[in-house]
Amino acid sequence: MSTDSFPIRRVDHVRHFVNNARQAAFFYQHTFGFSITGYRGLETGSRDQVDYLLEQNNIRLVFSAPMRPGHPMAPLISEHGDFVQDIAFEVDDVDWAYKTAIERGAEGFMEPTWLEDSNGRVRQAAIRTYGNVVHSLINRDEFKGEFMPQFREENEPGDPIGLIEVDHCVGNVELGKMNYWVKWYEDVLGFKNLISFDDNDISTEYTSLMSKVMASGNGRVKFPINEPAPGKKKSQIDEFLEFFGGAGVQHVAMLTDDIIHTVSRLRARGIPFLSVPKTYYDMLPDRVGTIDEDIEVLSDLGILVDRDDEGYLLQIFTKPVTDRPTIFYEIIHRKGAKSFGKGNFKALFESIEREQALRGTL
Ligand code: FE2
């Protein structure tokens with residue numbers, strides 16, 4: 001496609017750096033139903049770092065932890081808490097992608113490198129984006145193994161809940177930095193600004209935020225970028241920036257094609273979600289018209305609905321999955337709609353503000 005000036009095949013994986021990757025992997029296996037399919041650690045010759053690969057359909061999550069003092073990520077985990085360190089892309093040509101990104105103004109994180117084992121070799125490089133997040137650039141066309149060299153195959157199945165692929169990853173950046181990163185994604189990665197929300201779209205009585213949704217040339221990678229906007233009280237973005245220690249990944253949205261099933265399973269396994277008042281569902285038929293789902297069931301599960309020109313979507317947000325009020329997940333089911341749930345923002349942010357008030361951070 002001639003308009004795609006930086007071809008990206010897909011989000012290859014999302015890597016979290018944590019203090020205890022074994023426990024993180026266990027959590028995501030037993031709640032979100034991921035299978036543990038790969039491992040790299042002392043037993044496979046990795047002396048400094050442990051990595052667990054978790055998969056469900058097209059979603060790959062990697063949980064990594066330093067194995068000893070002095071690991072370069074240790075101070076960052078101390079600073080941010082558990083955090084998303086890498087949103088990795090699969091690309092056709094790592095060397096071209098890295099060189100092009102650097103020429104267009106990106107800061108390098110890892111120069112193109114061959115990673116090898118008996119299954120072949122993988123080419124990998126990485127560039128820095130906002131905060132301490134990087135985008136790895138990966139090509140495994142010369143690799144016969146499952147994921148990456150030096151990983152051992154694991155067979156610890158989860159009980160999957162219908163999560164299909166990463167729909168979008170949201171970054172929170174500092175006040176005044178949204179447009180900087182919007183331009184960065186345009187200039188460096190050839191992304192387009194799909195939608196913009198200003199503080200009139202996303203505000204409650206107390207707080208507001210601004211957001212722009214960036215999408216890759218082929219539309220497969222979508223990154224909303226948020227910044228706080230001035231309000232009477234501290235917004236959820238300010239809260240994130242304070243507790244995270246700067247810009248970072250706020251949430252990862254995972255696509256399902258049966259949100260009632262997915263959310264029922266997550267609730268049964270104890271995952272807490274943001275709640276909306278029952279009055280939200282009284283107004284729902286007027287707002288979104290006819291939908292396939294029983295509103296009673298949606299109300300019991302706390303699932304939100306929004307409609308755009310192309311169809312509708314159903315979505316729900318977990319509470320933060322870490323002690324710090326930082327990273328959380330969205331479960332999203334698209335029935336034609338390609339948007340992000342603008343009609344739910346107000347109800348949602350009022351819900352977040354109730355949680356903030358409980359934390360004393362509003
Ligand atoms: Fe989202």
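**Ground rules**

I number residues from 1 along each chain as its sequence is written, and my side-chain values use heavy atoms, with hydrogens and water left out. As the model is predicted, local features need pLDDT of at least 70 and side-chain atom pairs count only at pLDDT 80 or more, while totals for chains, interfaces and linings use all residues.

**The sheet**

I began with the strands, which like the helices are DSSP runs numbered from the N terminus (strands: E, at least two residues; helices: H or I, at least four). Two strands pair if DSSP finds at least two bridges between them. I found 9 strands in an open sheet of mixed pairing, in the order β6-β7-β8-β5-β1-β4-β3-β2-β9. Which strands stand at the edges? They are β6 (107-117) and β9 (152-156); each has a single partner strand, so one side of each is left without a neighbour in the sheet. Neighbouring strands are turned by 25° against each other on average, direction ignored. For such angles, axes are lines fitted to C-alpha atoms (for helices over the stretch in contact), and the angles run from 0 to 180 degrees between N-to-C directions.

Next I followed β6 into β7. The two form a hairpin with 2 residues between them, and they pair in the antiparallel sense over 8 bridges. Leucine 115 stands opposite valine 122 in β7. On to β8 (residues 134-139): 6 bridges join this strand to β7 (residues 120-128), again antiparallel. Here arginine 123 stands opposite asparagine 139 in β8.

I also looked at what covers these strands. Helix α4 (residues 178-189) lies across β5 (83-90), β7 and β8, running at about 140° to β7; contact means heavy atoms within 4.5 Å.

**The pockets**

My search used a 1 Å grid over the protein atoms alone: a cavity is a set of points where a 1.4 Å probe fits but cannot get out, and a pocket is an open set with protein on both sides within 12 Å along at least five of seven lines. Lining residues have an atom within 4 Å of a point. Points are joined across faces, edges and corners, and a volume is the space filled by probe spheres set on them.

The largest pocket holds about 490 Å³ of space. Among its 24 lining residues, Arg15, Arg40, Gln49, Met110 and Gln124 lie nearest its centre.

Where does it lie? Domain 1 (10-156) and domain 2 (163-359) both give residues to its lining, so it lies between them; the domain bounds come from an automatic or database domain assignment. Of its 18 lining residues, Val18, Asp82, Val321, Thr322 and Asp323 lie nearest its centre. Helix α1 (residues 21-30) gives the most, with 4 residues.

**The cavities**

I counted 2 cavities of 30 Å³ or more. The largest has a volume of about 250 Å³, and 22 residues line it, with Asn226, Gln250, His251, Phe345 and Phe349 nearest its centre. Helix α9 gives the most to this lining, with 4 residues.

The second largest cavity has a volume of about 140 Å³. Its 15 lining residues include Gln236, Pro320, Phe328, Ile352 and Arg359, the closest to its centre.
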